[in-house]
Amino acid sequence: MSAPFAADVQALRSSYEKAGQGHVFTFWDKLTAEEQSTFYRQLLSLNPERINSIHASSLEAEKAAAASTHDEITPPPADQSGSVIGNEKQAAEWNEVGLKAVREGKVAVLLMAGGQGTRLGSSAPKGCYDIGLPSHKSLFQLQAERIKRLQTVAGADKPVPWYVMTSGPTRKPTEEFFAANGFFGLDKENVVFFEQGVLPCLTDDGKIFLDKPGVVAVAPDGNGGVYAALRNPVSPSSSAPTILEDLRQRGVEFIHAYGVDNCLVRVADPVFLGYCISRNADCGAKVVKKTVPTESVGVVALKAGKFAVVEYSEISQEMAERKDASGSGDLAFRAANIANHFYSRQFLEEVSHFDEKQMPYHIARKKIPHVDLASGETVKPSKPNGMKLEQFVFDVFPFTKSFALLEVERKSDFSPLKNAPGTGSDDPETSRRDLLQEQKRWLEKAGAKVADGVEVELSPLVSYAGEGLEGVKGLEIKKSGVVNSLDELKQLAT
């Protein structure tokens, strides 16, 4: 690794000093040539003036949010909201519209998979996690097989491309996991990995922290970093298209985006796609019904007349308990956000070029280990001493011209994996339970009877969302097992 030229180092140092961030060079002369080369490349990848701008706009946004009033927050309008609950005929029509888009090659899937399974006791990417199903399939495999099955159900002329956004720490292990598992039956060319960005950790007054004498302390820029990351090339080749260009070249018009940690996620759900396409939406959100006022969940609502996700801490107790004006008994603010979104490609092309002033970053005050500039020793603070900056994937909602909100059944669409095993909620055991119960409902709706205590795991390759099970009518399933075909299911009835 060649060392940078002295003139280049001086030019870079000057740019940091001009921005008031020259302290990052405090230990430069004590670094080895290799350390200097690595540090130089890191500093070159950061723009100190942009970092200052992000810090300033984030503080302004935080101040504005603190000054906002509850009066600015209102429930989403009924004419931009739909529901599949008790609406099977309409859902079937939306499903056909979505399947047509899949069949014509107009749909892509965007997976936000930057997280690690730290809280689950694993250092691997969260998508590699085994929730304890009889098949021991990972979350990645479940989602890949749903894509494959959907292509079959739709009679797709072209495959559904899968864009997988990782973070720095998860990029390599994610790619290796896919390769080791043969991309779970998908064509390698149709799985595109890319990486969300990082930002330096800052002191409260905006100074960059050093993690080591020759390393800036950085953190991922949040799942909202996906928009800027769409400008990244699909490969290191100098002629490689960006993610957005790749979408355009493939003829993709509609994108389904979601988080990796939901075992029930209906990847490229044709009902959701069809609903949003039918409404000519540029952006949409799939939500589940919040039924308990005290549930700690963000809800989709209007804020100052624009769509936004309003955190539970932003609404008063009176607002949380308010009932819908329709007299249904539902909460007025009930559209619980589950990080499950629809976009037109054109909308993504617009928002991917927003800067930090158009879409400010959120401040998370954290305990940030760092190098003391005077002594060179590592400091591990006992209380928050600085900030990490991040964007949220829903930060683009206020910029939509045509927004669509679709309510779905929680038990069929949402079972997040957030907590350690044995926690009792949103953990591997509840994920496993919810998935197997959903599949049991499919079997029973198709006319089968599942004996008490029997667990049947249907491969997503057998059924995407309960379709294709007509042949099970009248079966009495007496044995537990993993089912990869209807013939195997029939064997469990003997």
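The model is predicted, so local features are taken only at pLDDT of at least 70 and side-chain atom pairs only at pLDDT 80 or more, whereas totals for chains, interfaces and linings use all residues. Residues are numbered from 1 along each chain as its sequence is written, and side-chain values use heavy atoms, with hydrogens and water left out.

The chain is assigned domain 1 (4-59), domain 2 (68-425) and domain 3 (430-490), with bounds that come from an automatic or database domain assignment. Between the C-alpha centres of domain 1 and domain 3 the distance is 58 Å.

Helix α4 (residues 88-103) comes next. Helices (H or I, at least four residues) and strands (E, at least two) are DSSP runs, numbered from the N terminus. The axis of α4 comes within 6 Å of that of helix α9 (residues 270-278), and the two cross at roughly 90 degrees. This makes α4 roughly perpendicular to α9; angles of 65 to 115 degrees count as roughly perpendicular, under 35 as roughly parallel, over 145 as roughly antiparallel and the rest as oblique. Axes here are lines fitted to C-alpha atoms, for helices over the stretch in contact, and angles run from 0 to 180 degrees between N-to-C directions. Among the residues of α4 that meet α9 are Ala 91, Trp 94 and Leu 99, while those on the α9 side include Val 271, Leu 273 and Tyr 275; contact means heavy atoms within 4.5 Å. By class, the contact of α4 with α9 has 11 nonpolar, four polar and no charged residues (nonpolar: Ala, Val, Leu, Ile, Met, Phe, Trp, Tyr, Cys and Pro; charged: Asp, Glu, Lys and Arg; polar: the others, Gly among them).

Helix α4 also packs against α5 (139-154), at an angle of about 100 degrees and with the axes 9 Å apart. The helices α4 and α5 are therefore roughly perpendicular to each other. Leu 99, Val 102 and Arg 103 of α4 make this contact with Leu 150, Val 153 and Ala 154 of α5, a set of five nonpolar residues, no polar and one charged.

Of its 30 lining residues, Glu 88, Arg 266, Val 271, Lys 445 and Ala 465 are the closest to its centre. Its lining divides into 15 nonpolar, four polar and 11 charged residues, and draws at least three from each of domain 2 and domain 3. A pocket is an open set of points on a 1 Å grid over the protein atoms alone, with protein on both sides within 12 Å along at least five of seven lines; a cavity is a set where a 1.4 Å probe fits but cannot get out, and lining residues have an atom within 4 Å of a point.

One cavity of 30 Å³ or more is counted, and the largest cavity holds about 70 Å³ of space. Grid points are joined across faces, edges and corners, and a volume is the space filled by probe spheres set on the points. The lining of the largest cavity includes Arg 146, Arg 266, Glu 438 and Trp 442, and α13 gives the most to it, with three residues.
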